[in-house]
Amino acid sequence: MKKLMPSLVMVAVSVALTGCMQSEQQDAKVTINKNPYPSTYQTLPQQTTLIKNATVLIGNGERLDNADVLFVDGKVSQVGQNLAADGATVIDGQGKWVTPGVIDVHSHYGVYPSPSVESHADGNEMTAPNTSEVWAEHSVWPQDPGFNAARAGGVTTLQILPGSANLFGGRGVTLKNVPSHTMQGMKFPNAPYGLKMACGENPKRVYGGRKEAPGTRMGNMAGYRMAWAEAAEYKRAWEKYDADYAAGKNPAAPVRDIELDTLKGVLDGEILIHNHCYKAEEMAMMVDLGKEFNYHSGTFHHAVEAYKIADMLGENGNCAAMWPDWWGFKMEAYDMVEENVAIVDAMKNSCAVVHSDSGTTIQRLNQEAAKVMYRANENGFALTEADAIRWITSNAAKSLGIADKTGSLEQGKNADVVIWNTNPFSVYALAEQVFVDGAKVYDRFDENYQAQSDFMLGQE
Amino acid sequence: MTLRNKRFKSSLIALALAAASSAHAASVAITNAKVHTVTDAGVLENATVVIDNGVITAINPESVAADQVFDANGKVLTPGFISSMNQIGLVEVSAVAHSRDADAKKADITFDPSVAFNPKSSLISFTRKAGITANVTAPNGGDSMFKGQTFAAKLNGEFDSVFSAKNGVLVALGSESKGSRATNLLALTHKLEDAKKALDKAAKMAAKNGKDSKDKKEPKRSEQEINALLKGEKPLLVYVDRATDILAVLELKQRFNLDLVLLGAADAPLVAQQIADAKVPVVMGALRNLPGSFDSLHVNLANAGKLDKAGVNVVLTVDGDSHNAHQLRFDAGNAVANGMDYQEALAAVTANVADAFNLDTGRIAVGKPADIVLWSADPFELSTTVEQMWIDGEQQLLESRQDKLRDRYTTSSEMPRAYTK
C-alpha cells in the first residue's frame, strides 16, 4: 500500500499539470539573442567620387576599357563612359586599373597577430575536438599591424577564422578592413557567421597525440557525426519548444548550450561552413556528411586536391578556396597543381576562390590570382583578368554570403574599390587608393590615409 | 576543359628537349638574345652566347661555330637564379619525419648535411621550372647555436650535383625563448677568442721551433671549423635580426677578420651604413614586412632597396617553406616594385648569391659555368615563363610531378584516372 502511494501522487500531479496547462499563464518566451556583439561599424568620411578613364574589372567577368566609376553615398552608382556628377571628387584613372575591393575568406589577423608572441596566440582553442562554442571575434586584436598592411594590398573585407586543430574550431567573423579600436567597429554588418571545421591531419595529430579521439581520419568522421546528431536533437528540442509555446502551452525551454547553438545555426541555414579540407576523398565525404545531416557543406579551404573533384564541387554548389602554389608542407598538401583554381573554375556552377591563410600573401592576393591565370594559360586555358579577378572578389563574397553587398562594381553594391597603378596582374602593380563604402581608407601617396596600429606608434 | 591543344604543343617541346639533353657534349650558340650578363658588361642586345663542354666559351664572337644554333628571338637571357637558405634536397614533405634530413638534435658546427642530399627530390624539378639553376641548402640544426654547414647544388637532378659542400658555418643569434641572447653571443665570442689565441700560440711556437715542432696536436674537428673561419676560408653565416645584434657581429667580423654574411637582418636599415662599410652582404626575404617579434620591428617592403642604395650587397631569398623557393623571381619583382633598382634585384638573385657563398656561377661571362635561363620576357613578371634552361651547358627538362598530375586530371578517359600516365 505504502509502495503505491508515490505513483498515485505522480499520476495526480501529472493530471493536474495537464489539466491546468491550457489555462495557465505562459512564462515569458525564451529566445536566443543571435547577435549579442553587434557591429558598431560606421562608414568613414566619404564623398561622391568619380574615377575617370580607367580600365575597370567589374568582378562579374566583365572588363570595361576607358571607363568611369561613380560612387555616391557609399554605393556604386554607375560604371560606364562619359559619366559626370555634380560636386564629385574626380580622380584621373588614365593608365590605371580599377577593381572591386579584394576579399580574403581565410585570415588569422587579429587572432594570430604580429608580434606573434605567446600572449597573442588566440586563434586555436586546442582543448577539445569540438569547440563550436568559441567565436574568433572574441579573440580579435584590432591593433594587429597586419590589417594595415593588407589594406595597402587592396583588401577591404576579410574573414577571421579560428585555427584548424579541432573538428569544429568555432565561429569565424567577417570584418571590414577599416582601422578600429574595437572588433565591433570592424564587424561587417549583417554578414553571416562562418563555422570553421577541419578535416584530415590536424585534428587527428593534435588529439591522437594526446591519446584522445580522434586519432585517425575515421575518428574525425565519427566526431563530426556524433556532434551533428546531437545538434539535430537540440534543434528538434527548440522547435518543439517553439511549437508548444505557439500552441499556447507553457513548455520548459531546452537548456541553453552555446556549443550547440552554433551547430544549430548551421542546420538552420544561418551559419556557413568553412571547412579546412585538402584532399579529394575527404571533401567528397564532407559533402555526404552535409547530406546526411541536411546542411550545406559550404566552402572547402586549402582545397589542394579540388581539381580531382572539380565536377562534384560544381554539382553540389561548393566553393573551393585555394592557394595558387603552396604545397609539400604535409602529406595532404603534396598533390598540388598550379592550375588547381583554373580547373575548378572551368566547371559549371563553380565557385573558385583564391585565399591566403597568410599574413604575407594576403597583401598580394592579386599576384596570387595572377600566378594561377598565367600558369593555366600556359597549359591550355584561356583566362582573362576579368575572369581571374572574381577569385578574389565576387566568388570570395559568395563564399562568405555577402555577394549581395560587395565583391563587384555593380550598381547598388558597397563602393569597396581599389585603384591600381597598373594591371593588377603584374608583379609591379601597387594599390594606390583603397575605398570601403565609398570612403578612402588608404592612399599610397598621402600619409593622412596610411593608418598605423597603436603597437607600432612610437617604436624606434 | 578549354583549349587542350596548347599544352600538347608544349609536351612536344619537352620531348625534343629530352632528346637534346642526351646530346651531351654538343656546343650551343644562343643567338639574338637580350643578355643580362650581371657583370660590368651590363645588358647586351642581340647578343650571342656560346657554350661548350659546360662552360661559356664566347660572348659575341666574330663568327659562330657551334653544333647547335638556338635563335632566342630577342628574348631575355640571364644567369640561372640561385635560391638559398632553404632545405631543398633535405626535406621532401615538411611534416613527414622520415622525409627530413635537415634537423638533428645533436647537430653542431661539424654537421654537414650535403651527404644526405637527394637530387631526385620532387622539389628540384619544380624549383628548376622557376628559372633556378642552383641552390644553397641550409640545415636547421638542433640545440646548438651552430646549426651546421651549408652546401650548394646544381638543380639538374644528377647524383653529382653538389658542387660546393661545407661552404658556410651557420649560427643563430638573437632572442631566446629561454634565457638571454647574451649567452650565445658570448659563447661565440669566446670560441673565436680561444681559437685565435691557440692559433697565435701555435704560430709563435712554429716560428720559434721551426716547422717540425713536435708538440703539434691535431685540433678537434669542431676546432678546425672555427680555425677555418678565422683564416677566412669560408663565411660565418649569422641569423640575426635586432640592430644591436647586427652591430655585435660586425664587431666580431672586424676583430677576427671574418668573412661574415648576415641572414634575415630585419633591423638592417637602422645600421645600413655600418653594414655597407664592413662590406657584409645581407641575405633577406623581400616580402618580410610584418613585425613578427620585438627583434623585427623595422621590416618593410622597401628594405631591400634601401640597403642596396646604402651600398650593401643584397641577396634575396624566399622566407618560409622550401617548397616556395620557386617564388624567388616574383619576390625580386616585388623588391623592384617597392624601390629596388632592377639590375640590383637581378644581381640579388644571381651574382650576389654566388659571391656571398663563394660559388663559381651566377654571371654570364666567358669561363663561367653555363648555368643560363632563357625567359619569354622579364623574368620577374608573373606572366613570364622559362623557355629554356642550361645547367653546366646541358639543356634541362622543364617538367615536374605537378605537371603530370595536372595532365592526369585534365585528360578525359573512360577508365579511372589511375590509368592516365
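You are looking at a predicted model, where local features need pLDDT of at least 70, side-chain atom pairs count only at pLDDT 80 or more, and totals for chains, interfaces and linings use all residues. Residues are numbered from 1 along each chain as its sequence is written, chains are lettered from A and ligands numbered from 1 in the order in which they are written, and side-chain values use heavy atoms, leaving out hydrogens and water.

**Chain A as a whole**

Switch to a cartoon view, and you will find eleven helices and 16 strands in chain A (DSSP runs numbered from the N terminus: helices are H or I with at least four residues, strands are E with at least two). Its radius of gyration is 25 Å, close to the 23 Å from the globule rule for 460 residues, so chain A is as compact as a globular protein of that length (the radius is taken over C-alpha atoms, and the rule is 2.2 Å times the number of residues to the power 0.38). Of these 460 residues, 60% are buried (under 20% relative accessible area, with exposed over 50% and partly exposed in between, using a 1.4 Å probe and protein chains only).

**Helix α2 of chain A**

Now select residues 145-152 of chain A. Is this helix buried or exposed? Eight of its eight residues are buried, so α2 is largely enclosed by the rest of the structure. At the start of α2(A), zoom in on D144(A), where a side-chain oxygen reaches to within 2.8 Å of the backbone nitrogen of G146(A). Just after the helix, G154(A) takes a positive phi of about 90 degrees.

**An annotated stretch**

Next, colour residues 356-430 of chain A, which an unreviewed UniProt entry annotates as "domain: Amidohydrolase-related". This stretch is 33% helix and 5% strand, and its end C-alpha atoms are 18 Å apart.

**Over to chain B**

Finally, pick T137(B), found in strand β7 (residues 132-137) of chain B. T137(B) is buried, with a relative accessible area of 0%. Its side chain makes a polar contact with the side chain of N135(B) at 2.9 Å, and a polar atom of the T137(B) side chain lies 3.1 Å from the backbone oxygen of I88(B) (a polar contact is a pair of N or O atoms within 3.5 Å; within protein, one must be able to donate a hydrogen and the other to accept it, and residues adjacent in sequence count only if both atoms are side-chain atoms).

How values were computed
UniProt positions renumbered as here; feature names shortened; annotations may be inferred.
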